[in-house]
Amino acid sequence: MRWACSAFALAAVLFSTHVSADPLQKSEDIVKFFTGAGNLGASRGICVGTEEECKSKNEKNAAPNKTGLDMMINFGLDSAQLDPTARAELDEFAKALKDNRLSTFSFVVEGHTDASGPDRYNQDLSQRRAQSVAAFLTANGIQAARLEAIGLGKSHPRVANPYDPVNRRVEMRIRTE
């Protein structure tokens, strides 16, 4: 009976790990997103102007700006370690970057944190998160020259609550300069 319970527990752990490691976004969808042929959700942009001008621009522009994609690479508190889900997502991103349609694109890997901790620490942690993702992509065949890892600390939360764990993430953007 003990063996049966142990085997069942082991199977449950293995199965749950496999399920959580299935990527949310497939490489073809990522390629389509960055080439303008797909829609994987809203992206964020920066508006330069007054608050009124930015609000009116956002209301007028129904189509999202296709320069940034949140890959749903999230992290635990005070961590820059990639979990199995993050690795699965990044495997798909690496496949997409190897596609000929994206071969001329370079990307900025933006690390983010929640508001827990001092500003300087969060800045360093967000940089480590971005570097962790860039190192994973480089180890999977992406040229380092195509990636720029930057840390943005807590300055760009995804949600209004700055302490929400969803703010601990990495986003990918097309390098525009």
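Student: At what angle do the axes of helix α4 (residues 84-98) and helix α5 (residues 119-139) cross?

Tutor: Two packed helices are described by the angle between their axes and the distance between the axes. In this predicted model, the axes of α4 and α5 come within 10 Å and cross at roughly 55°. Axes here are lines fitted to C-alpha atoms, for helices over the stretch in contact, with angles from 0 to 180 degrees between N-to-C directions. Helices (H or I, at least four residues) and strands (E, at least two) are DSSP runs, numbered from the N terminus.

Student: Which word describes how α4 and α5 lie to each other?

Tutor: Angles under 35 degrees count as roughly parallel, over 145 as roughly antiparallel, 65 to 115 as roughly perpendicular and the rest as oblique. The two helices α4 and α5 are therefore oblique to each other.

Student: Which residues of α4 and α5 meet?

Tutor: A contact means heavy atoms within 4.5 Å. From α4, Arg87, Leu90, Asp91, Phe93 and Ala94 meet Val133, Phe136 and Leu137 of α5.

Student: Is aspartate 78 buried, partly exposed or exposed?

Tutor: Buried means under 20% relative accessible area, exposed over 50%, and partly exposed in between (1.4 Å probe, protein chains only). With a relative accessible area of 46%, aspartate 78 is partly exposed. Methionine 72, in strand β1, also counts as partly exposed, at 36% relative accessibility. Arginine 173, in strand β4 (residues 169-174), is buried, with a relative accessible area of 11%.

Student: With which side chain does the side chain of arginine 173 make a polar contact?

Tutor: A polar contact is a pair of N or O atoms within 3.5 Å; within protein, one must be able to donate a hydrogen and the other to accept it, and residues adjacent in sequence count only if both atoms are side-chain atoms. Here the partner of arginine 173 is the side chain of glutamate 171, at 2.9 Å.

Student: How many helices and strands does the chain have?

Tutor: The chain has 5 helices and 4 strands, in the order α-α-α-β-α-β-α-β-β along the sequence. Residues are numbered from 1 along each chain as its sequence is written, and side-chain values use heavy atoms, leaving out hydrogens and water. As the model is predicted, local features need pLDDT of at least 70 and side-chain atom pairs count only at pLDDT 80 or more, while totals for chains, interfaces and linings use all residues.
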